Every structure is written in structure tokens, then in C-alpha cells.
Amino acid sequence: MVDTRVNLNGITLDNPVIPASGTFGFGKEFAELYDINCLGTFSFKGTTKEPRFGNPTPRIAECTSGMINSVGLQNPGVEHVISNELKELKEYFSKPVMANVSGFSIDEYVYTCKKIDEAPQVGWIEVNVSCPNVHGGGMSFGTTPESAAEVTKAVKAVTTKPVYIKLSPNVTDIVSVAVACEEAGADGISLINTLLGMRIDLKTKKCVIANKMGGFSGPAIFPVALRMVYQVYDAVKIPIIGMGGVSTAEDVIEMILAGATAVQVGAANLVDPFACKKIIDQLPECMEKYGINKLRDIIGGAH
């Protein structure tokens, strides 16, 4: 019998499969389709201090082997998330959940993380310094080691839960940013967020997305994500959650061999709402196929 369990900062996950923030809401709609307690955990909708309507439409563009989105962190704000969404979450999810937080200033990150940290259902805080879909925030904090470290240090000063910093691939040197976050106190690294992309409508001769550019995700970015997880694993000692184009049990194993302790599934959820359940169901058979008894024993095994 194979063992799919992994450990994230002292919390054991039944398996390493985690739906990525922005692709799973707060889990409610998916819980109507299947028992989401089969998941390792999930990272809920990116949350900011104030409610956000998000970017103008259209927000989605299809691509070969992927998609571009520019939702713009639409969410009801941290107060509503704590009082309503997390309250309802207790009814259909019994495991610790991962809170994804974004902001437009250091003070906003601090305020939101401090509030979220008090929620008993939250096991980890994933700090998004890498969203390419908003102006004046998000990715701007993750493009240099100094700014990423500044956010990390400020958030760690007001939280008790493990803090993961979610990094952008839209940088020259992902390793230096990850190392700076570790040195500033991060408990883990999430990578990668979406690549920056765009599409142009040949009939209108204009950009498909109202925001012009957006986050490119899907199977096409998997090799880039895998490479960055591999590079960062060599440079840091804290756990890595790998993501970017993951859509099969084989992808999960490949990410773990590259150095990920757990793996997030994003765009695949938007194509097939049962994507994560299918991956979890297929994982034991896939492990047996490749002679793997315990997933935790192969973390970084390709190094």
C-alpha cells in the first residue's frame, strides 16, 4: 500500500494535491460536486483588505494549451471572508485551509494577514506578491528580492501561522527572490504564479482582454514551473509548494522529484471541476507504476 501523505510545517496532508487560489473559490461550489475533504487542503480565493470588484470584462482568453485570465483579485474583503466564508467553510471542509492574501501596500498585507491569522480554520497563509493582473500592487512586491523580503518580514511580525510567499516567474532571477524571502523569515515558498501573456483578436485588431495583459496558465507553462521549483530547491531549506500547469498525477510526481513538498492545481480546475479528485484517485496507481512507496521519500529526488 503506497503512502501519499506529506508534511507541511508540522501539518500532515493526506496527499500533496492542493487546488490553487483563484481556481477553487472558497470550495463551496466544488463541495456540491464531490467531498472536497479528499484534498490535501486548498488555497482559497485571494483576499485583500477591502472588497474588490476586479478588472473590467472580458477577463478570459483561450490559448493553445492554456488560458489567460485577468480577474484582478475580485473578492469580498477580509472582514467578510472571516465572518461569512470561513464560517460556512466549517460545514463542508474539516481540514486546515490555506489562506491566500494580497495587498497594495505593506500596511495592507500586514492588516489582512494579521486578521486571517486569527481564523482557527487557517493552517497556512500564502502571501501573493506575484499577481500580474493588478496595477500598483501584487507582482510589484515580488519582482525584487528587497521588496519581497520587506513584505515577508512585515507579515511574519504579526502572524503565528506558517507563511508561504507566492512568487512570480516574471523575473530575471527567481532564486534570489526566494532566498531573500527565506532570510526574511518565510516558512515556505509557493511557485510559480502565472506568466504574463496576451492575445489579440484578428477581427477587431484589439487585445482580447480589457486589461490588455493577464496571467497565462495551463499545461504550456509546466516546464517553466518545474525548472523554477528545481532551481529554488537547490537554494533554500524551507518547503516548496510547486504549481504551474499541473494537470495529471504524473505532473504531481514530477514536481515532487524537482523539490516540491506539495503541489497546487490551478487552471485544470477551470477545465474540469473534478480535476483534483481525479489526480488524487490516480496518484496511488501512478506511484506503484514508478516504484514509489512513500511520496515524502522522493521530495527533491531528481537532484
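Does Ala210 count as buried, exposed or partly exposed, and what is its relative accessibility? At 38% relative accessibility, Ala210 counts as partly exposed, where buried means under 20% relative accessible area, exposed means over 50%, and partly exposed lies in between (1.4 Å probe, protein chains only). The model is predicted, so local features need pLDDT of at least 70 and side-chain atom pairs count only at pLDDT 80 or more, while totals for chains, interfaces and linings use all residues. Residues are numbered from 1 along each chain as its sequence is written, and side-chain values use heavy atoms, with hydrogens and water left out.

Ala210 sits in the loop between β12 (206-207) and β13 (214-217); helices (H or I, at least four residues) and strands (E, at least two) are DSSP runs, numbered from the N terminus. Leaving aside residues up to four places away in sequence, Ala210 touches Pro56, Thr57 and Pro58, a contact being heavy atoms within 4.5 Å. The C-alpha atoms of Ala210 and Ile60 are separated by 9.2 Å, although these residues are 150 residues apart along the chain.

Next come two helices. The 14 residues of α6 (residues 222-235) should span 20 Å at 1.5 Å a residue, and its end C-alpha atoms are 20 Å apart, which agrees; the expected span is 1.5 Å times one less than the number of residues. Phe222, Ala225, Leu226, Met228, Val229 and Val232 are the buried residues of α6. They cover an arc of only 165° around the axis, which puts them on the same side of α6; the arc is that of the directions from the helix axis to the C-beta atoms. This buried side packs against α5 (174-183), β9 (188-191), β14 (240-243) and α7, whereas the face turned away from it carries the exposed residues Pro223 and Asp234.

For α9 (residues 275-289), 15 residues should span 21 Å, and the end C-alpha atoms are 20 Å apart, which agrees. This helix bends by about 40° at Leu283, and a proline, Pro284, follows within four residues; the bend is the angle between axes fitted to the seven residues ending at a residue and the seven starting there. Among the buried residues of α9 are Ala275, Cys276, Ile279 and Leu283, and their cover includes β3 (17-19), α7 (249-258), β15 (262-265) and α8 (267-271). Just after α9, Gly291 takes a positive phi of about 70°.

In soluble globular proteins, nonpolar side chains tend to be buried together. Here the largest nonpolar core has 90 residues, of which Phe44, Val127, Leu167 and Leu191 touch the most other members. Helix α9 gives the most to this core, with seven residues. Such a core is a set of buried Ala, Val, Leu, Ile, Met, Phe, Trp, Tyr and Cys residues joined through side-chain atoms within 4.5 Å.

The rings of Phe24 and Phe30 have their centres 4.0 Å apart and their planes at 20°, so the pair is stacked. Phe24 and Phe42 form a tilted pair, 5.2 Å centre to centre with 50° between the planes. Rings of Phe, Tyr and Trp (its six-membered ring) pair if their centres lie within 6.5 Å, with planes under 30 degrees apart counted as stacked, over 60 as edge-to-face and the rest as tilted. Phe24, Phe30, Phe42 and Phe93 form one aromatic cluster.
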